[in-house]
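User: I am new to this structure and would like to learn how to read it step by step. Could you take me through a few features, giving the idea before the case?

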Amino acid sequence: MLEVANVSKWFGGLPALQDVSFTVPSGRITALIGPNGAGKTTLINCITGVDTAKSGKILLDQCLVNTLPAHRIAALGVARTFQNLKLFSNLSVLDNVLTGLTVKAEQSFVFSMLRLPALRHQERYLRLRALESLDDFGLSNKAYWPASALSYGEKKRVEMARAFVGDPRLVLLDEPVAGLNTDETVQIAQHIRQQRSAGHTMLLVEHDMELVMDVADQIVVLDSGRCIACGTPEAVQKNPLVLEAYLGRMEATA
Amino acid sequence: MNGFHDLLQFIFAGLTNGAIYTLIALGFCVVQNTMGIVNFTQVDFVSLGGMFLFSGLFWAGLPMGMALFVAVAGVTVMGMAVERLGVRPSRSKDHLVLIFLTIGISIVLRGAMKLIWGKNRMAVPPLAGEEPLRFAGASILPQAVAVLVITVLAIVLLVFFFRGTRLGLAMRAVASNQAAASVVGIPVGRIKAASFALAGALGGLAGVLVTPITTLSYDVGVLLGLKGFAAAILGGFGSFPGAVLGGVGLGLVESLTAGYVSSAYKDVVAFVVLLLVLFARPKGLLGK
Amino acid sequence: MLSAKDNIFYFLYLHRTGLTVTFLSILLLLWPMVESNPYTVGLSNLIAIYVLVVLGLNLFIGYAGQISLGHAAFFAIGAYGSAIATTTLGLPAWPSMIAVALVTVLVALAVGVPALKLSGHYLAMATLGFNIVVYTVLVQWDTVTGGPSGFSGIPYLTLGSLVFDNEIRFHYLVWTFAMVALLLCLNLVRSGVGRGLAAMAEDETAASTLGVDIRRSKVKVFVLSATLASIAGSLFAHCYAFVSPESFNIFVSVDFMIMVVVGGMGSIWGTLFGASLITLLPEWIEALDTFKEIVHGLILVLILLFLPQGLIAGLVESVRKKIALSK
């Protein structure tokens with residue numbers, strides 16, 4: 001589904017990603033882990049078009065995407081959530097989720113201004129889809145609230161609803177449980193599993209190892225911009241390089 | 001020989017205007033660097049400088065030297081007042097809101113000036129005589145010489161201020177990294193007030209120097225100020241050497257265009273240059 | 001099954017925008033029968049023309065989160081364009097209006113495509129600079145524009161044998177345009193495109209990952225707002241039969257911006273309020289000429305300090321929040 005091939009990126013003289021290669025199989029959850037600063041968010045940014053890889057290729061279903069701007073990658077069916085939440089506080093919860101359907105909605109200014117019956121039907125359909133998505137994530141009772149009025153955990157779920165509403169080919173989840181308590185984390189894990197059952201492909205960036213071991217089908221480990229391991233959770237757990245990357249860090253700070 | 005005299009004339013005019021644009025551009029830079037906002041009230045600091053000079057001379061009967069000092073000091077105080085009463089109370093950190101806010105304060109200031117000093121144009125006597133001096137075949141007003149000399153002095157003082165004084169260094173620290181500056185104990189609020197004060201001083205100085213040449217009115221600073229802004233962008237917004245380069249450069253381009261191409265469209269020159277810079281290289285000549 | 005009453009309420013809710021606009025239009029239709037003082041009607045005509053400008057500007061500033069301090073330039077292109085086309089060149093008025101609007105589209109593209117790569121104060125200065133350039137040309141190119149003394153003798157608009165030559169007739173003309181524009185803008189804001197613009201205003205990165213083409217959207221909104229201003233300008237020229245550069249300087253642009261802020265950045269209904277308030281102020285404050293800047297400036301400052309979303313939007317927002325949180 002997604003193939004990352006020899007991707008490299010530098011910020012000034014600092015290498016953020018060095019020759020990273022792995023594949024994300026369809027319908028499965030791939031977790032991307034690594035110590036802080038390993039380059040995980042940079043990689044996500046490159047895949048979604050927020051940033052550009054300096055060398056290497058990123059292929060979505062054999063289609064080259066690393067040269068495309070973010071909005072075209074979104075149109076190809078790539079959705080994401082953000083580590084530090086990027087909800088639109090000036091919009092309602094429902095409108096936030098509706099923005100996830102931008103690529104499916106009418107793009108033309110003229111047709112939108114005329115608001116012909118066809119557009120009205122489309123709007124109604126999109127609203128129903130958005131409400132369904134909110135329902136999946138347990139937030140339909142707050143659909144008309146201003147997004148800024150929700151709790152942190154609820155906001156994270158709204159972002160997820162926004163990511164999944166358009167039935168995307170690939171969803172990138174950037175630390176979906178950061179800052180959440182145990183109960184909320186369990187809830188999110190459940191949502192993630194639900195979405196996998198629905199057939200969605202996911203790339204999950206996380207620090208919470210319990211969650212990762214719980215839901216991931218495959219784990220990719222980054223350290224200092226390099227891919228040091230890629231395999232099943234059991235294999236990665238026992239990989240000495242991985243242990244060194246994490247424990248080595250811990251010893252240094254002890 | 002006539003051609004050379006004309007050229008020299010245009011260069012003098014260009015340098016004089018350029019000096020004024022430089023002072024104004026520096027005023028914009030100071031606030032931009034320490035506060036990250038564009039202070040549209042800078043244009044009114046220029047008008048106020050002229051107004052205070054006028055009042056100092058004709059309402060208080062002060063001698064020229066004192067009046068000049070009082071005028072610049074007055075605008076400096078006004079600068080601090082604007083920051084304290086107008087900008088600081090803002091609850092929103094939204095860029096858009098802050099820009100509109102300084103525009104609003106600028107409008108209020110202009111309205112107040114119109115109320116206090118009236119709508120009409122006023123004449124302000126020059127620093128040192130009205131007879132034009134002759135230099136290498138071109139004539140130059142003594143006021144223009146004063147403008148050039150005092151501007152250079154001001155720039156030198158400014159360099160010394162930022163390199164050598166505690167307040168100057170503190171301002172540079174805040175400009176470079178506000179969070180870090182406050183952590184090491186620099187009173188950021190007071191520094192912001194000080195930067196507005198400095199911007200006021202620079203604007204006021206520009207005003208007292210230029211209004212004897214251009215005559216004075218409540219909105220005299222608007223066009224000058226906007227051109228000063230254009231000069232700052234030309235040189236690289238936020239860069240002090242850029243402000244000097246942009247100011248002098250703009251003044252010369254404007255003057256030479258007015259002399260050799262068309263004087264009717266003189267005011268357009270600055271803004272065409274501005275548009276070209278913004279479209280081709282927004283960072284300007286020396287921008288970061 | 002829904003009861004008849006529920007059905008009616010549902011219909012009203014579903015078509016609330018169209019119905020409100022229709023209701024307002026009916027009021028406007030009937031108003032000249034009640035109020036026939038040409039001065040009062042003339043005032044409301046001016047409001048309608050400004051509403052056209054401010055609707056577009058509000059989409060640009062309020063909805064898309066950009067800045068323009070130079071929209072009077074597009075207002076001018078419409079006004080002088082129509083004036084020159086119909087008076088100097090003797091062309092028919094309605095096709096000229098359309099042609100001038102197309103010219104405005106081209107100019108807006110030429111200025112907008114490079115300028116909208118900038119943001120914040122750079123964009124503000126670019127639009128301001130553009131306004132000053134246009135204004136100076138209007139003043140200096142007096143052979144074509146009539147210079148500072150203005151351009152007179154602009155013919156009235158006609159529709160068949162009907163000549164729009166008095167305030168009452170202007171009323172129907174300009175308010176028709178204003179209501180149509182209002183409806184179109186309301187529709188835009190409630191569509192996927194409108195949501196995309198609102199998203200872009202708040203967070204461009206997030207909006208682009210959702211599929212919003214940031215550069216194109218900004219340019220489209222800019223061109224739309226310029227076109228509306230141009231049409232307003234053309235109407236302005238044909239209604240007053242006279243234009244002079246003073247109606248199109250940077251202070252006018254700033255006044256347009258104040259109308260946007262007063263009505264509420266992003267509030268389409270608010271533009272009616274904003275345009276009305278600023279236009280009617282001189283009527284209520286006798287000595288406004290002396291106090292104009294202070295009053296305008298204070299309004300702007302006070303609103304920005306205390307109610308940045310504008311008067312109407314601020315009130316609506318607090319009411320909405322209270323309703324939502326009480327459920």
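Predicted model: local features only at pLDDT ≥ 70, side-chain atom pairs only at ≥ 80, totals over all residues.

User: How many residues of strand β3 of chain A are buried?

Analyst: Strand β3, which covers residues 29-33 of chain A, is mostly covered, since 5 of its 5 residues count as buried.

User: Which strands pair with β3(A), and in which sense, parallel or antiparallel?

Analyst: To read pairing, one looks for bridges between strands. Here 4 bridges join β3(A) to strand β8 (residues 201-205) of chain A, and the two run parallel. Strand β9 (residues 218-223) of chain A also pairs with β3(A) in the parallel sense, over 4 bridges.

User: Turning to chain C, how many helices and strands does it have?

Analyst: Chain C has 15 helices and 4 strands. Its radius of gyration is 20 Å, close to the 20 Å that the globule rule gives for 327 residues, so chain C is as compact as a globular protein of that length. Along its principal axes, the C-alpha trace of chain C spans about 65 × 50 × 40 Å.

User: What share of the residues in chain C is buried, and what share of its contacts is between residues 24 or more positions apart?

Analyst: Buried residues make up 52% of the 327 residues in chain C. Among contacts in chain C with a separation of 6 or more, 77% are between residues 24 or more positions apart.

User: How many residues of chain C are in contact with chain B, and which helices supply them?

Analyst: An interface can be read by counting contacts and then asking which elements provide them. In this case 34 residues of chain C are in contact with 37 residues of chain B. Helices α5 (93-115), α6 (120-140), α12 (250-263) and α14 (288-306) of chain C each supply at least two residues of the side that touches chain B, and α6(C) gives the most, with 13 residues. By class, that side of chain C has 23 nonpolar, 9 polar and 2 charged residues.

User: Where in chain B is confidence lowest, and where is it highest?

Analyst: Chain B averages a pLDDT of 88, and 99% of the residues score at least 70. Within chain B, confidence is lowest in strand β1 (residues 133-135), at a mean of 78, and highest in helix α2 (residues 42-58), at 93.

Definitions and conventions:
Residues numbered from 1 in each chain as written. Chains lettered and ligands numbered in written order. Rg over C-alpha atoms; globule rule 2.2 N^0.38 Å. Buried ≥ 20, exposed ≤ 12 C-beta atoms within 10 Å, placed from the backbone. Contact = placed C-beta atoms within 7 Å. Nonpolar A, V, L, I, M, F, W, Y, C, P; charged D, E, K, R; others polar. pLDDT = per-residue confidence, 0-100. Pairing = 2+ DSSP bridges.
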